[in-house]
Amino acid sequence: MSVSDYVLMEESFRWYGPNDMVPLAFIRQAGATAVFTSLHQIPYGELWPREAVRERVQMLADHGLRWTAVESVPVHEDIRTGRGDLKTLFANYAATLKNLGAEGVKTVIYNFMPVLDWIRTDLKHTLPDGSQCLLYNPAHFAAFELYALQRPDAEADFTPQQLAGAKKFWDALSAADREQFIRNLIDVFPGCKLGLTISDIRAMLAKYDGMGEGGLRKNFIRFLEAVCPAAEEAGVKLAVHPDDPPFPVLGLPRIVSKAADVEALFKAVDSPANGLCFCTGSFSANPDNDLPLMAGQFAPRIHAVHLRSTQRLPDGSFFEADHLAGSVNMPKVVRALLNEQDRRQREGREDWRLAFRPDHGHTMMDDLQKDLTDANPGYTCIGRMRGLAELRGLMLGLRYAEA
Ligand code: DNO
């Protein structure tokens, strides 16, 4: 058996569209055969025309790449808060799924994080080897909550040490640094700048007043019930991305943070289209999550995979470790995922192949010399290429061991 006969998961790379600093040619050179991408130019909540989907499919095909997962079709805030013209929003989402399915794009990632998408307090944390990574520090987030957002009740969410750390951190920042720090927290939505201000965030938060975990879950289930039938019909699988970080922030509930949350969702809406984007990085920041166990437990419902690791620190911070380091046992996770892929293949399913992408990556080497003003944090090329290469080697090694 030659090495090229080993069947791995489909190697993919995230691409933010034609404005991405990383061109498709580089993605191909990194060895990926597919991309996770989105039509970021379409505002949240609007319908994706079939023609626009087709154009993107073609653009990728011209570079020898396949559009294997949409990341993401964003869920409009009104759907999460349960206000506004839900009928139109649901109809647009369902029609978008139909158009994607008709063009052969069969996996759609989305998330249900209220107000802010993913959150980091430092986008350029320097590691001992000189590369940079993303980091979340709860004391620094407390500074944002207390001094920038000035959210009433925020104090109660932090320990006395974190509150002391928050003050020290905030006091040491210059006015310009504070400005940048706030920008990094409130305006890093994937692939687009929404231009949000602190008062926008306050207004958005107010819409969740009194909602609680149960209320948010109810709105989530209503969304799934509204769009899963269309997804099934279109042959599209939905894959919810876990909360990042996987615990409540901003005084808001987060309901896709741990195994029990995922179980509850699958139980509430028992549709084959209701699945998971298994993001090892997001889940791993919560020490209660046993990643290899979860990979096995949710295997049949895993429709997309993000592979990355975090290193948790005693003060509650976590940073993004090398893909094969940190707190995730990546060999065990990848083993479970390959087993699932094999199972699907044995079943003769047309869509048996699992697609994964290396999630995030360190800014390193030549990328450190570049002007990264317009880069997407965590998504420079070289660090992700390192991640992809390591993960490919891991998969090959596991295959070799079983042959
Ligand atoms: C950050 C990513 C998120 C993720 C979306 C999914 O790099 O993990 O942008 O793609 O939250 O909807």
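Modeller: Helix α5 (residues 138-149) packs on helix α8 (residues 198-206) at an angle of about 105°, and their axes are 11 Å apart. Helices here are DSSP runs of H or I, at least four residues, numbered from the N terminus. The model is predicted, so local features need pLDDT of at least 70 and side-chain atom pairs 80 or more, while totals for chains, interfaces and linings use all residues. Residues are numbered from 1 along each chain, and side-chain values use heavy atoms, without hydrogens or water.

Biologist: Why are α5 and α8 called roughly perpendicular?

Modeller: Their angle is about 105°, and 65 to 115 degrees counts as roughly perpendicular (angles run from 0 to 180 between N-to-C directions). Therefore α5 and α8 are roughly perpendicular to each other.

Biologist: What makes the contact between α5 and α8?

Modeller: F144, A148 and L149 in α5 meet I198, I201, R202 and L205 in α8, with contact meaning heavy atoms within 4.5 Å. These residues divide into six nonpolar, no polar and one charged.

Biologist: Why are α9 and α10 called oblique?

Modeller: Helix α9 (residues 212-234) and helix α10 (residues 259-268) pack at about 45°. Under 35 degrees would be roughly parallel and over 145 roughly antiparallel. The angle falls in neither range nor in the perpendicular one, so α9 and α10 are oblique.

Notes. Helices (H or I, at least four residues) and strands (E, at least two) are DSSP runs, numbered from the N terminus. Ala, Val, Leu, Ile, Met, Phe, Trp, Tyr, Cys and Pro count as nonpolar, Asp, Glu, Lys and Arg as charged, and the others, Gly among them, as polar.
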